[in-house]
Structure formats: structure tokens, C-alpha cells
Amino acid sequence: MNNQLTLEEIYKAYLDCRKNKRNTINALKFEFKLEENLYSLFMDLNNNSYKTGRFICFVITDPKPREIFASDFRDRIVHHILIREIEVIWEKRFIFDSYSCRLGKGTHFCVNRLKRFIRKITENHAKKAYYVQLDISGFFMGIDKKILYSLISHRIKKENKPETWKNKILWLSKIIIFNDPTENCIYKGDKNLIKLIPDRKSLFKVKKGKGLPIGNYSSQFFANIYLNELDQFVKRELKCKYYVRYVDDFILVSEDPEELKMWRNKIELFLDEKLKLKLAHNKQRFQSTDKGIDFLGYFINPKYSLIRKRVLRNLKRKLFYYNRDLFNCGEPDKEFLLKVVSCINSYYGHFRHANSFNLRKHLYKKHFGILKRFFVPANLEVTHFKIRSEFKNQTI
């Protein structure tokens, strides 16, 4: 982005945006008049007349009830435009050991890094070490918009860029951050599900000026900007060498349990004073590393890793429903088969990063049932599945 956004930049953001949203209704509507819609967005952004559209609100219940606000496809393009511009600025400032929504990282990278930390500090499990695992209470709903905007503003103003570029970035950031999705949204799905959401985790219940919508691409990146302040505090002030963070779930490892207690107290004070966030007291874990760590869907023991029981229960439940649906419908179409195999392979992709070979085989033998008619293991290690050849072109 120079002084003005170009159509080419907007088109590139559109291509990024549609990767996982190509077949949604909003995406199809936008594509129906693609050139007209892209030009309209080009004019609105360069004339500073852009306004955020309506959100769609719904509740998901797997793995637990969460309130999701989905932006209009047009607004998603704008989020991609903004993040494309500022991502390179913050990537240089993020610590290595924050792993959420960052290119080349993720849950498996984070878990493997934690394993290496434990091996190193315990000298291959020959010595004793301890960890404290902390979580932030209602994190996304607790984000203070003024603090978030001030963090972005402070950094952008220091950049060696034209003033017109800085003004455009700050203008877009302000629109996205301070927009209240609850004032312009359509609720879809079972409205009774909204009652399952605790007040501290609902945008409808938080104080004005608080909270970012879960489901926005921009919210994920803004969360990293916000908690980068915590990361810097842990590394620079506390001098903690062994620290990992994934979203608001973070772990500190030390040889000294008293040091961990001190760090935990200082972190609680820092979050309260600087970021107006609270630690979730019911989710804190403090113990020796040889007792295992329950983190990001795995139970990490000194010599092996296991799948978390809740993750396993979720897959078994899904397999039960898929078997039931296949029994009732008889001959499914290809779209349904692709949905099922994608879901199963996602779980098996998670499983293969743990010591789970026998578990993967057991699930296929005992829990696939009718699914065996349509899917077959792609290899002897049973790491993923493929649709049987006779059903690949199945349509109804």
C-alpha cells in the first residue's frame, strides 16, 4: 500500500480471503458481480467512506459452547488488506515462542518445542523440573479496545512510512477494532444455545469498549499484538528461558518451584495493571514435569505423548453420528464423503504426533462400522484415510 490502495492489492486480498470461503453464500454473492464489488470497495477505501457491514452470529458447541461472529465477505477482504500491511511489522517484534496463527508454526510446533524445553532443563529427564500453566479468563472478551488501538498506534507512528500510509492504517484499524458487532448482526441457528454462553464470554454481555469477535481473521492477529506485551514481559523482565504461548494458554518451566510462584504472581499483576486482564484461577496447574502436561490436545509425559481423553471422546462421538447418518441415508453423495474424510483425517493428523499407532488401528477396527464400506486407510501406519475408489465419483 502506498498513498492509496490499488485494485491489484485489493484483488490479492480477495484471493487470500476466498481460499477457505469459496463456496459460502456471501462469497458467491460477491463473486457474482466481482469487478463491480471490487471497484466499489476500492472507491470506499480510498475515499475513506468504508463502513463495516452486518455480522452473522451463531453458537458452536464443539468442543464447548462459543459465540461466533462472522463478518461479511466484503469486510473479510478489508481484514486481509490490513493484516497484509502490518503483519511484517509485528512479526519482527513477536517472540519466537508464541505459536498461534503464525506462518510455519501451530499446535504441533508448539508442543514439540515444549518437549525440547523439558528435555533440556531436565537433562533428558535426569533432573527435576517444574512448570506452571496459566490461562486468561475470557480472553477475547477481556481485550480492552483502547489499549489495543494504542499499541497499534504507538508502533505505526514510529514506522518509516509516508504519513498518508500511517493515517490509512490507523483509520482502518480504528474502524475494525471499535466496531461493535452486536449492534448490527443477524442471529442464525438455535437461539436457546446463546444461554449456554457464560456472561464473561459473550460480546452481548461485556462492558462497552471491551471484547473482540471470535471468528474474525483480524481478531486472531490483534490477540497476538495484545499478548505480545505479556511475551515481552516474561522474556525481558522475568528472564524466563523456557516459555511457550498458544493464544491465551501459556506455560513457564523452571528448576525452582518458588521461582515459578514468583513469576505467576508478577504475571497476574502485570496483566491486571497493563492489559486489564485476569488469570483464570480454576485452570492453573503447578507441578513437576514428570507428572505430565495436559496441553493443546496432548498429555505430554517425559518419555511419550498421549491423546487427550476429551479429544478422543469427540472423535468417537463424531464416528457414531457419521455411522448413523450413513445407515439412514444409504448411499451418500461425494460432498458428504469428502466432509467426513476431511474431519477424520484432521483428527488422525493430530493423533499421529503422539504415541498412538495402536489407538489409530483400534479406532478403525472397533468404531468405524459402516464407514469401512466407504473409507480405507491410505497406508499401513493408518495415519489418514481415503475414499474407496468405487465411491469417489458418487453423486445423487
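Strands β1 (residues 55-60) and β2 run antiparallel and are joined by five bridges. In this predicted model, a hairpin of five residues links β1 to β2.

- Within the pair, Ile56 stands opposite Ala70 of β2.
- Strand β2 spans residues 66-70, and four of its five residues are buried, so the strand is largely enclosed by the rest of the structure.
- In a regular strand, side chains alternate between the two faces of the sheet.

**Ser356**
- Ser356 is located in the loop between helices α12 (334-351) and α13 (357-367).
- The relative accessible area of Ser356 is 4%; because the cut-off for a buried residue is under 20%, Ser356 counts as buried.
- When residues up to four places away in sequence are not counted, Ser356 touches Ile307 and Phe351.

**Glu229**
- Glu229 belongs to helix α9, which covers residues 217-237.
- With a relative accessible area of 31%, Glu229 is partly exposed, since this class lies between the buried limit of 20% and the exposed limit of 50%.
- Apart from neighbours within four places in sequence, Glu229 is in contact with Leu151, Phe270 and Leu275.
- Glu229 and Ala129 are separated by 100 residues in sequence, and their C-alpha atoms are 26 Å apart in space.

Technical notes:
Residues numbered from 1 in each chain as written. Predicted model: local features only at pLDDT ≥ 70, side-chain atom pairs only at ≥ 80, totals over all residues. Heavy atoms only, no water. Buried < 20%, exposed > 50% of the residue type's maximum accessible area, 1.4 Å probe, protein only. Helix = DSSP H or I, 4+ residues; strand = E, 2+ residues; numbered from the N terminus. Pairing = 2+ DSSP bridges. Contact = heavy atoms within 4.5 Å.
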